Amino acid sequence: MFQSNRLNLRQVEAFRAVMLTGQITAAAELLYVTQPAVSRLIADFERSTRLHLFERKGNRLMPTSAAFALMHEVQNAFIGLERIGKAAEDIGRNFSGTLRIVAMPALANGILGRFLARFVREREGLHVSLDAFPSPSVIERVASGNVELGYVDFQFERRGMLCQHRSMPAVVALPSSHPLCGKQTLTREDLVGEKLIDIEPGSIFSKRLSVELEGIDQASMIETYYSHTACSMVMEGAGLAVTDPCSAHEFVGRGLSIRPFQPELEAGFTELRLEKNADGGLATEFAEAFWDFLKAELAL
C-alpha cells in the first residue's frame, strides 16, 4: 500500500529539478546541494512512490512515462505554493483579497468609481467589483453577504449590520450662465417661477424637498430617476435641480454650477457592512478612505 507520509518536500523538489534540467549535476546546482544528495533524494522518492521514474543513460536521466505523469501534478503543486507565498506577501501588505461594492447610482456612476480606481492603483492582486443598484437592492445584497460594502441614499439601521450615516447638505445645480449664479446661497424664494427637475419622485429626499418647496409656484416640472441625468439636463438649460453634492460635483466646470441650498436639506448616504465582517480589513479601509476623499473633494 502506498504511504504518502514517507514523502517529503525535499524529495519532490529534487524530482522537479531533475525533470527540468535532465541532469543530476544541473539539478544539484539548482538546489544548491551536492550531486550525491540529489541522487539519494531521487532514489528515496522512487521508493516512496513505488514508481520507476528514470532510465540512467550516461550523465543523463531519461524520464519514464510515469515521471511525466507525476510531473504534471508536481508542477500544479508548485504553482499552488507560489500562489500561497504571493498571497501571504500581499495579505501582509493589505493589498490582496476581494472587495465587492454595491451603491446607489448617484455614487456608483460617478465619484465612487473615480475613487475606486485610485484605491486599486497601487494594490496589485486586489480584485474589486462595483455595481449600481437602487438602495433596497443594495440592502438585500449586503444582508445576504454577497458583497462587503454597500451605499444607500437614506439613513438606515438594521440589526446585524454596521450602518454609518454620512451627512451632506443638498445643493442647487444650475446652468453656469444662470442669473442665480450671482448669489452665494439659494433659498426656496429664489426658486419661485423656476423650472425644477424632480429627482427620483417618491423617494425620501424628493418628499422632503416637496415639503420645503410647498406653495412655491413652479413654471414646469421634469422628472427623472437619476441625479446624473438631472444634472445633464441642467447643463442644457432644461431647469434647475436640488440634488446631492456628489452627483452635481461631477458636472462642475462643464456648464454647471452649484450653490448651497437653505434651509439645509439632508442629502447624504449610509455605508452598510455586516457586523461580523466589520472588524477592520479592506472594506473598512476603503470606506474610511472614501469618506476622507469626499470631504476634501467636496469641501465638506
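Analyst: Contact here means heavy atoms within 4.5 Å. Helices (H or I, at least four residues) and strands (E, at least two) are DSSP runs, numbered from the N terminus. It's a predicted model, where local features need pLDDT of at least 70 and side-chain atom pairs count only at 80 or more, while totals for chains, interfaces and linings use all residues. Residues are numbered from 1 along each chain as its sequence is written, and side-chain values use heavy atoms, leaving out hydrogens and water.

User: Which residues bring helix 1 and helix 2 together?

Analyst: From helix 1 you've got R10, E13, A14, A17, V18 and T21, meeting I24, A26, A27, L30 and L31 of helix 2. That contact splits into eight nonpolar, one polar and two charged residues.

User: Why does L99 count as buried?

Analyst: Buried means under 20% relative accessible area, exposed over 50%, partly exposed in between (1.4 Å probe, protein chains only). L99 has 0%, so buried it is. L99 sits in strand 3 (residues 97-103) and, leaving aside residues up to four places away in sequence, touches F119, L126, H127, V128, S129, E148, L282, A283 and F286.

User: What makes the buried residues of helix 8 a single side?

Analyst: In helix 8 (residues 204-212), F205, S206 and L209 are buried. They cover an arc of only 95° around the axis, so they lie on the same side of helix 8. They pack against strand 9 (196-199) and strand 11 (241-243), while exposed K207 and V211 are on the face turned away from the buried side.

User: What stands out about the backbone at P263 and E200?

Analyst: The Q262 to P263 peptide bond is cis, omega near 5°, and P263 lies in the loop between strand 12 (256-262) and strand 13 (269-274). E200, not a glycine, has a positive phi near 50°; look for E200 in the loop between strand 9 and helix 8. Most residues other than glycine have a negative phi, and most peptide bonds are trans.

Terms used: The arc is that of the directions from the helix axis to the C-beta atoms. Ala, Val, Leu, Ile, Met, Phe, Trp, Tyr, Cys and Pro count as nonpolar, Asp, Glu, Lys and Arg as charged, and the others, Gly among them, as polar.
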